[in-house]
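The sequence and structure are shown first.

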Amino acid sequence: MTHINNKDDGSRYLNRDLSWIEFNWRVLQEAQDPGTPLLERAKFLSIVSSNLDEFMSVRVAGIQDQMRAGYAKKDFTGYTPAGLYKRLVSRISKMVHTQYRTYRDIMRQLTKEHIQLLKYEDLNKAQRQSMEDYYHDIIFPVLTPMAVDQSRPFPLVHNLFVYLAVVLKRDGDNPEEEPYFAVVQVPSNLSRFVPLPQHSNSKKQSFILIEELIKHHIHTLFSGYIPLAVHEFRVTRNADLTIDEEGAEDLLEEIEKELRKRRWGAPVRLEVQKGFHPYALELLQDEFEITDAVFEIEGPLDLTFLRHFTGSVQGSPKLRYPQDEPPYPKEFEENEDFFEVLKERDVLMYHPYECFDAVTDFIVQASEDPHVMAIKMTLYRVSGNSPLIRALADAAESGKQVTVVVELKARFDEERNIAWARTLEKAGCHVVYGLVGLKTHAKILLIVRQEGPDLKRYVHVGTGNYNDITARLYTDIGMFTTHPSIGEDASELFNLITGYSAVHHWQSLTLAPDNMQNKLIRLFERESEHARSGRPARIIAKMNSLSSQEMIDALYSASQSGVQIDLIIRGVCCLRPGVEGLSDHITVRSIVDRFLEHSRIYYFENGGQPEVWISSADWMTRNLTRRIELMCPVYEEAARNMVIQILSLSLADNVKAKQLLPNGKYERIASDLPSCRSQFAALDISTWKKSEFPTSI
């Protein structure tokens with residue numbers, strides 16, 4: 001048992017950003033795992049890169065802002081911005097080094113599978129001729145060399161784009177003279193990798209990166225000059241938006257204006273190719289005012305291209321996870337009339353193990369049903385070609401009252417959501433952008449239907465976004481219900497968002513920032529009272545992140561009362577488990593596997609009468625105080641027992657689950673029990689729904 005000072009001195013908590021680094025390490029470990037199919041390992045490397053890009057452009061950028069402002073106060077985990085920044089840069093450097101070592105290993109193994117990325121010097125005569133034609137016909141016309149000198153200032157370098165730094169001289173120049181310098185952007189609207197021609201009987205699939213072609217032909221852009229060095233670089237800028245919602249006359253226009261500013265955000269990180277020319281590096285560091293967050297990369301910059309690369313290559317089935325189509329929920333297969341099914345029972349769906357199409361089909365049926373009076377829905381992140389948008393637009397055009405709450409401030413989806421908002425408005429939907437100062441993160445759909453003399457409410461509540469693409473990649477729960485109090489609360493929720501409504505006495509739903517945190521703490525205290533009285537007491541919570549100091553302290557208190565607390569947290573966790581006298585009864589585990597664990601589920605033993613809730617909210621300060629979030633009880637026994645089964649599987653996982661230690665590190669769970677990989681066990685969802693589920697864990 002670990003001993004830690006029980007004072008509020010920072011040792012009680014793990015730092016949020018350092019915990020995030022540990023999470024991204026766990027993703028990287030999936031790329032290193034020889035048991036993961038090879039192309040999937042490459043895909044995990046891409047995820048590591050995209051995760052790190054967002055972390056640098058938001059979290060690290062925020063820390064740099066604090067340092068520039070002279071802010072030196074410690075956070076509740078005991079770190080000053082400067083002290084935390086130093087540790088982050090050190091850990092990120094080690095991570096990037098390991099990431100590229102893993103990349104080289106994966107590419108060597110892919111070569112054995114006849115899939116290869118070649119350098120220009122490796123091309124045969126036929127391939128070189130083909131690439132000569134490709135360069136001159138496709139690439140060269142879109143390139144723009146940008147010289148930097150007294151008359152031409154340093155060009156705008158866009159966030160997260162790959163560029164070439166070119167150092168030049170003219171024939172006959174004095175070697176002591178300062179060289180010339182220019183920048184060339186690698187076109188982002190062309191494929192990053194180009195397929196190479198092969199003999200018809202060859203099994204090989206060969207590719208070359210577009211920057212390799214540009215570097216080899218760089219002389220075509222600078223006639224009369226001799227290239228001394230050509231190397232790639234990439235800049236990460238502060239991408240967080242600062243929006244004056246109170247002063248904005250039109251929130252949509254204000255966000256569009258801020259999005260344009262992103263390209264000029266303060267530089268946060270500079271990535272350069274290994275062997276970068278020192279003169280060019282000095283120029284870049286001076287221009288971007290970066291001294292410490294400079295990362296030398298031994299390999300291609302920006303490995304996010306691997307996501308598309310792995311999707312484009314052919315290969316043996318063993319190189320990928322099996323591509324099984326998720327089954328349609330059996331409840332709606334047996335009876336295609338959603339309304340008739342839901343009059344009889346609630347239906348709980350578990351994605352991606354069940355097809356998300358049922359949600360879209362429900363809206364389509366509602367749009368065509370003459371008895372449906374209104375459709376109301378929240379949208380936070382939707383796909384680029386969302387069938388939900390089309391279904392909602394069709395419903396509005398058919399005369400239904402359609403209200404859609406579109407969250408314009410969903411980070412990095414702002415532009416897409418603005419476009420969808422305009423599409424929905426043109427179709428006749430009532431589009432609302434939420435409340436000032438609060439992001440609308442709740443996931444809820446309400447359909448109001450005339451049935452005889454009465455109106456009946458049909459509700460869908462989810463833990464994840466209404467996104468048909470991520471629903472194939474993320475584990476989430478969605479529940480259809482006609483429970484009267486949930487339906488009444490759903491109506492009040494939309495009235496609260498779209499109009500002027502006094503604080504409602506919620507019958508079933510719990511909302512943030514109104515009362516969710518207080519409600520959860522009361523539930524913790526109820527478990528504590530059960531434990532002190534010798535009754536069954538347990539808390540199981542599954543979420544993405546736990547960083548709220550208030551919630552952590554409440555969990556510590558429950559642990560000290562004897563409540564067994566099992567947390568399943570994929571990402572950030574600031575709670576230290578297993579500390580004597582503080583968190584003796586708390587365990588924390590994380591599952592990183594084929595699918596992104598995304599569902600938020602809360603279980604309370606309640607003295608032998610378990611309660612189960614599903615939610616859109618993680619236990620983070622932003623979710624509980626600065627967002628409209630939703631927590632919904634699962635009333636129906638069959639649905640509740642299915643959620644309990646999901647938690648049971650997560651707790652039984654001893655293949656991909658890792659346990660959090662008090663020092664903030666994670667280790668594999670040692671177990672003598674038969675192997676259990678929860679995501680693979682969940683694949684046979686049809687068997688689940690036919691079996692008897694346990695009513696307790």
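## Selected sites and helix pairs

Leaving aside neighbours within four places in sequence, His441 is in contact with Tyr380, Arg600, Ser616, Asn623, Arg627, Ile628 and Glu629. The model is predicted. His441 sits in the loop that joins strand S14 (439-440) to strand S15 (444-451). With a relative accessibility of 6%, His441 counts as buried, because the limit for buried is under 20%. A polar atom of the His441 side chain lies 3.2 Å from the backbone oxygen of Ser616, and Ser616 is also one of the residues listed as contacts of His441.

Asp369 is another loop residue, placed between helix H11 (357-368) and strand S11 (372-379). Its relative accessibility is 9%, so Asp369 counts as buried. A polar atom of the Asp369 side chain lies 2.7 Å from the backbone nitrogen of His371. Not counting residues up to four places away in sequence, Asp369 touches Phe339, Lys400 and Arg449.

Gly607 belongs to the loop between strand S23 (600-604) and strand S24 (611-615). Gly607 has a relative accessible area of 26% and is therefore partly exposed. Apart from neighbours within four places in sequence, Gly607 is in contact with His530, Arg535 and Pro536. The C-alpha atoms of Gly607 and Val294 are separated by 55 Å, and these two residues are 313 places apart along the chain.

Leu18 lies in helix H1. It is buried, with a relative accessible area of 7%. Not counting residues up to four places away in sequence, Leu18 touches Tyr79, Leu84, Arg87, Leu88 and Arg91. Leu18 and Leu84 are 66 residues apart along the chain, and their C-alpha atoms are separated by 8.3 Å.

The accessibility values of these residues are collected here.

| Residue | Relative accessible area | Class |
|---|---|---|
| His441 | 6% | buried |
| Leu18 | 7% | buried |
| Asp369 | 9% | buried |
| Gly607 | 26% | partly exposed |

Two helix pairs follow. The axes of helix H1 (residues 16-32) and helix H3 (residues 81-112) come within 11 Å and cross at roughly 5°. H1 is therefore roughly parallel to H3. On the H1 side, the contact involves Asp17, Leu18, Ile21, Glu22, Asn24, Trp25, Leu28, Ala31 and Gln32. On the H3 side, these meet Leu84, Arg87, Leu88, Arg91, Ile92, Lys94, Met95, Thr98, Gln99, Thr102 and Ile106. By class, the contact of H1 with H3 has 10 nonpolar, five polar and five charged residues.

For helix H15 (residues 516-532) and helix H16 (residues 549-560), the axes come within 9 Å and cross at roughly 10°. That crossing angle makes H15 roughly parallel to H16. From H15, the residues Gln517, Leu520, Ile521, Phe524 and Ser528 meet Glu550, Met551, Ala554, Leu555, Ser557 and Ala558 of H16. The contact of H15 with H16 divides into seven nonpolar residues, three polar and one charged.

Confidence is considered last. The chain has a mean pLDDT of 90, and 93% of its residues reach 70 or more. Residues 1-8 have pLDDT below 50, and this stretch has 20 contacts in the model beyond near neighbours in sequence. The pLDDT is also below 50 over residues 243-249, a stretch with 14 contacts in the model beyond near neighbours in sequence. Where pLDDT is low, the predicted coordinates should not be read in detail.

Terms used: Residues are numbered from 1 along each chain as its sequence is written. This is a predicted model: local features need pLDDT of at least 70, side-chain atom pairs count only at pLDDT 80 or more; totals for chains, interfaces and linings use all residues. Side-chain values use heavy atoms; hydrogens and water are left out. Axes are lines fitted to C-alpha atoms, for helices over the stretch in contact, and angles run from 0 to 180 degrees between N-to-C directions. Helices (H or I, at least four residues) and strands (E, at least two) are DSSP runs, numbered from the N terminus. Angles under 35 degrees count as roughly parallel, over 145 as roughly antiparallel, 65 to 115 as roughly perpendicular and the rest as oblique. Contact means heavy atoms within 4.5 Å. Ala, Val, Leu, Ile, Met, Phe, Trp, Tyr, Cys and Pro count as nonpolar, Asp, Glu, Lys and Arg as charged, and the others, Gly among them, as polar. pLDDT is the predictor's confidence in each residue, from 0 to 100. Buried means under 20% relative accessible area, exposed over 50%, partly exposed in between (1.4 Å probe, protein chains only). A polar contact is a pair of N or O atoms within 3.5 Å; within protein, one must be able to donate a hydrogen and the other to accept it, and residues adjacent in sequence count only if both atoms are side-chain atoms.
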